[in-house]
Structure formats: structure tokens, C-alpha cells
Amino acid sequence: MIQRIQSIWFLLAGVAGMLTYKLPIWSGTLQDNSLKNFLGTENLLYFAANIATVLLAFVAIFMFKNRNLQKNLGWFGLLLSIALIGLEVYVVSDYESTLNLKQASWKFGALMPILMIIFFFLAIQGIRKDEKLIKSLERLR
């Protein structure tokens with residue numbers, strides 16, 4: 001059952017989480033025209049929460065024999081992804097208040113937790129479809 005669609009969604013959620021380490025989340029121009037980027041590795045709490053979410057996604061792939069645990073891991077990953085969005089907003093607002101900025105903007109890396117939420121939700125839906133299929137096959141026996 002490792003080839004089920006939810007495995008692909010969990011894999012994509014993990015990859016989206018790993019991309020936050022390479023893609024800038026936020027960028028600001030300081031008064032001296034230097035550029036300040038916020039990456040996923042600059043804040044320890046954000047880094048730890050993101051690592052936990054990525055590991056959760058990859059572990060959930062191999063929990064295909066225990067669909068209930070896999071679904072619970074999916075829900076927990078979804079909640080952690082929502083927490084990552086809150087941490088992004090908190091850290092960026094802290095940067096904006098402490099730095100003397102001319103201009104600031106969100107970058108593409110800020111969308112990765114949103115993509116993770118979508119992928120975790122789609123994985124949970126795939127697990128639910130599997131459970132419905134198993135129940136219908138048990139009725140036929």
C-alpha cells in the first residue's frame with residue numbers, strides 16, 4: 001500500500017517543508033540599502049517546528065499498514081503547518097519592528113507552509129478513501 005496516493009501527498013508535504021530552508025520567506029531593504037532575508041534556518045523555534053513537520057511527513061509515508069496512525073500523523077502535520085504560518089508572521093513582524101527598513105516584502109518561501117497544509121489535507125482525504133474502500137470490501141465478504 002506504499003504506492004497509494006497519500007504517500008505522494010506526504011512526500012510533497014515533506015519536500016515543501018525542506019524548500020523553506022532554501023527559499024527566502026521574507027526580504028527587507030535596510031536604510032543603508034543592504035538586503036536582509038529571512039530563511040527557515042534563522043530562527044531556532046521555526047527551524048525545529050519545520051524539521052518536526054518534515055520528519056512527520058516522511059514517517060507517515062511508511063505507516064501505511066496502520067491507517068489510523070497515518071491519519072493521526074497527517075492531522076498533527078496539518079496543525080504543525082498552521083503553527084508554522086503563525087511563527088512566520090511572528091518572526092517577520094519581530095524583524096520589521098527591530099530593523100530600520102525602507103521596504104519589505106514576502107517571498108515565495110512563505111507559501112510553503114500553505115502548500116504543506118494542502119498536501120497534508122489531501123493525504124488525509126486519500127486515507128479516508130482507502131478506509132471507505134476497505135469497509136465496502138469487508139461488506140462483500
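**Sheet, helix packing and nonpolar core of the predicted model**

Strands β1 and β3 pair in the antiparallel sense, and 5 bridges join them. Within this pairing, Gly28 has Ala104 of β3 as its bridge partner, and Leu30 is bridged to Leu101 of β3. The structure described here is a predicted model.

Together the strands make an open sheet of 3 strands in the order β2-β1-β3, with antiparallel pairing. β2 and β3 (101-106) are the edge strands, each pairing on one side only. Helix α3 lies across β1, β2 and β3, and runs at about 170° to β3.

The sheet belongs to a chain whose secondary structure comes to 4 helices and 3 strands. Along the sequence, the elements follow the pattern α-β-β-α-α-β-α. The C-alpha atoms fill a box of roughly 75 × 20 × 20 Å along the principal axes. The radius of gyration of the chain is 18 Å, whereas a compact globule of 141 residues would have a value near 14 Å. Buried residues account for 38% of the 141 residues. Among contacts with a separation of 6 or more, 76% involve residues 24 or more positions apart.

The largest nonpolar core comprises 28 residues, and Phe10, Trp26, Phe38 and Phe120 are those with the most contacts inside it. Two or more residues are given to this core by each of α1 (5-19), β1 (26-30), α2 (44-61), α3 (67-98) and α4 (112-140). The most is given by α3, with 7 residues.

Trp26 is buried, with a relative accessible area of 0%. Leaving out residues up to four places away in sequence, Trp26 touches Lys36, Asn37, Phe38, Val92, Tyr95, Glu96, Leu99, Leu101, Ala104, Ser105, Trp106 and Lys107.

Aromatic pairing was also examined, and the count comes to 6 aromatic pairs. One of them joins Trp26 and Tyr95 in a tilted arrangement, with 5.9 Å from centre to centre and 45° between the planes. Because Trp26 lies in strand β1 and Tyr95 in helix α3, this pair ties together parts that are 69 residues apart in sequence. Tyr95 is buried as well, with a relative accessible area of 16%. The rings of Phe38 and Tyr95 also pair; their centres are 5.5 Å apart and their planes lie at 85°, so this pair is edge-to-face. This second pair links distant parts of the chain, with Phe38 in strand β2 (residues 35-38) and Tyr95 in helix α3, 57 residues apart. Both Phe38 and Tyr95 are buried. Through ring pairs, Trp26, Phe38, Tyr46 and Tyr95 are linked into a cluster.

Apart from neighbours within four places in sequence, Thr53 is in contact with Gly77, Leu80, Ser81, Leu84, Met116 and Phe120. Among these contacts of Thr53, Phe120 is also one of the residues with the most contacts inside the largest nonpolar core.

Key: Residues numbered from 1 in each chain as written. Predicted model: local features only at pLDDT ≥ 70, side-chain atom pairs only at ≥ 80, totals over all residues. Heavy atoms only, no water. Core = buried A, V, L, I, M, F, W, Y, C linked by side-chain atoms within 4.5 Å. Buried < 20%, exposed > 50% of the residue type's maximum accessible area, 1.4 Å probe, protein only. Contact = heavy atoms within 4.5 Å. Phe/Tyr/Trp six-rings, centres within 6.5 Å; stacked < 30°, edge-to-face > 60°. Pairing = 2+ DSSP bridges. Axes fitted to C-alpha atoms, helices over the stretch in contact; angles between N-to-C directions. Rg over C-alpha atoms; globule rule 2.2 N^0.38 Å.
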